[in-house]
Amino acid sequence: RTQAEMAHTCRGTINLSTAHIDTEDSCNIVLSNGGRTYHLKANSEVERQRWVTALELAKAKAIRMRNNQSDDSGDEEPASQSDKSELHGPLKTLSSKLEDLSTCNELIAKHGAALQRSLSELENLRLPADSGEKIKAVNERATLFRITSNAMINACRDFLDLAESHSRKWQRLLQHEREQRIRLEETIEQLAKQHNSLERACRGAPGLASGTASISSTAKAGSVQSAKGEASDEDEETEYFDAMEDAPAFITVTADPKHHRRSGSNLSGASEGHPEDWNLEDSVFESSNQSSYNESTGKDLLPRKRRRTRIPDKPNYSLNLWSIMKNCIGKELSKIPMPVNFNEPLSMLQRLTEDLEYHELLDKAVKCESSTEQMCFVAAFSVSSYSTTVHRTAKPFNPLLGETYELDRLEELGFRSLCEQVSHHPPAAAHHVYSRRGWTLWQEITIASKFRGKYLSIMPLGAIHLEFHSSGNHYVWRKVTSTVHNIIVGKLWIDQSGEIEIVNHKSKDKCQLKFTPYSYFSRDVPRKVTGVVSDADGKAHYVMSGTWDEKMECSKILHSSHGSTSTEGKQKTVYQTLSPKVLWRKYPLPENAENMYFFSELALTLNEPEERVAPTDSRLRPDQRLMESGRWDEANVEKQRLEEKQRAVRRRREAEAVEALEEGKDYEGYIPLWFERKVDAVTGELICVYKGGYWEAKDKQDWSVCPDIF
């Protein structure tokens, strides 16, 4: 039993490893350990002996556990203990069963001797009056002997079942290791063949002798599965092997660009696969690589409003989990007031707007003449939205129904953004961004989450649309799954995993990005992202590589060749590429960011008070403002007031719906203010799109349609 169970169900405890077990008479048992003694009474001698047998088995097990702890203490590092726990656990259990058999053997010998003595006494009897008592004693001894024998038989049966089950598991582990060895041998053989072929190619082409770039990628034979972003219920009973599950996705040897003839042509011819199209001076890629932080953030644009660069430091409040648990007893999950201690002073609408931090990638994509080249910038933009999550373990505020957030940077950065919470159950937010530099982005995101014990999976549902005005290229992609680890014990950390398929629905170009999940045993760079950009015919043009928390690079493919197919049906491809170009690099965090919720420069300005915004804007939310100011106790009170106010509005709508149903009328429910639901022509999904009117209402300062939600 656990300590908590014993506190509620037991009157006392005694250490059996050092306890003395004795019998006073036919029904009493005495347990003593130092100055503590317990007297137990059974209903009969048979029941007493059952207890004595069980206590002796438990005592033997307690002694073994104490010896194992004393022998193992300090001998191994914690990491090695965890590595060997899967093997040591069954071995210790088997050893325990063997000790149980040994103990039962001793008990059988003990009871057999007692039975023998009773039989001897029976033979020496002279008085018939005593024979009845002795015969009774013989029968009881025989019964005890049968009970002990049954216990031994059951222990043997448990031992055999356990040995058989773990034998099958060890066979699977051995088979897995054998398959991994065969796969590794095949990979080494394939690499050796590729190395020989590349050597022959280098000898035949002197211009490439200084170096080539070979990228060995492994993909399933057949079509690559697209990541649609819907929540997937994986089988929690599936057995996973964490080590060496996937071969390294890319192996790159940088080529020397001096051996390639330069040309004045733009990268619009990049899809042809000629080295002269990789222009090092004039291409958009090169301008992306050389742009400084000030240039990329638009600091050279005038006029530029001076915005805040810090917020009050996060207070060091202790969190009493028991006080939270007490509030959960007897309440519905949706009515449990969660304190702001788990939050950061931004709403989910502001976090959604934060995806635009690297909007200049889309500004540069507008200048691309090639659709595959433009796809590279769109892919880098899709990855950049995760860069702010690496240290941000606190959750944003859940927006109230009808809450909005605007980010008007039209004069400074060329775009304006609007978000609105269009649904509360399930929570959904609509987002629309217009840029005068030639692009429009819109999305409706619904967050689905699943708690899996040690970690929390967050699955954003919904498609992100991006359209370029001049070319008409329409890109669609979906977000990957975010995982928050160490929910119960340990330091929280976030990982991104899954695949993103970006599709240009006009040219049919595709980019498949893979976010590699973190593995303790992997030698890959943590938070790794890899992918390939291909055209409508499936021909690969660019290789994407990097990490979602630091940078993304792009390499132009010169030549591709297919290797042999392995025994698992995986086809290996070798890409020859030019040297990579850095498309995106994460901005450094501001000074003292660790005390300001690890906010980036943009995040520090998102909740800055502004005039002329709608009365439903997240900047005006009182509990969020109080938390940012460090007044967390007042923020908790205000947060509970706002949530209760929203529940009252929901109950009123439910009553109106019931009344309309009784009268035979239609009830539309909540209607978004600035968005409307339409069937998307590209995906066929029902999505909230911007219907207009917000910025006109802001110019007139006419907010009469806005509800009172704060």
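The conversation below turns to confidence, then to strands and hairpins.

Guide: This is a predicted model, in which local features need pLDDT of at least 70, side-chain atom pairs count only at pLDDT 80 or more, and totals for chains, interfaces and linings use all residues. Residues are numbered from 1 along each chain as its sequence is written, and side-chain values use heavy atoms, with hydrogens and water left out.

Visitor: What pLDDT does the chain average?
Guide: The term pLDDT stands for the predictor's confidence in each residue, from 0 to 100. In this chain 74% of the residues score at least 70, and the average is 78.

Visitor: How many contacts beyond four places in sequence does the model have for residues 72-84?
Guide: A contact means heavy atoms within 4.5 Å, and over residues 72-84 the pLDDT stays under 50. Where pLDDT is low, the predicted coordinates should not be read in detail. With that caution, the number of such contacts for residues 72-84 is 7.

Visitor: Why is strand β8 largely enclosed by the rest of the structure?
Guide: Strands (E, at least two residues) are DSSP runs, numbered from the N terminus, and β8 covers residues 415-423. A residue is called buried when it has under 20% relative accessible area, exposed over 50%, and partly exposed in between (1.4 Å probe, protein chains only). Strand β8 is largely enclosed because, of its 9 residues, the number buried is 8.

Visitor: Which residue in β8 is the bridge partner of T404?
Guide: Two strands pair if DSSP finds at least two bridges between them, and β7 (residues 404-409) pairs with β8 in the antiparallel sense over 6 bridges. The two form a hairpin with 5 residues between them, where G414 in the turn has a positive phi of about 90°. Within β8, the bridge partner of T404 is E420.

Visitor: Which residue in β9 does R416 stand opposite?
Guide: Strand β8 also runs antiparallel to β9 (residues 428-435), with 8 bridges joining them, and a hairpin of 4 residues leads from β8 to β9. In β9, the residue opposite R416 is Y434.

Visitor: Which residue in the turn between β22 and β23 has a positive phi?
Guide: Strands β22 (residues 675-679) and β23 (residues 686-690) run antiparallel and are joined by 5 bridges, with F675 having Y690 as its bridge partner in β23. They form a hairpin with 6 residues between them, and the turn residue with a positive phi, of about 75°, is G684.
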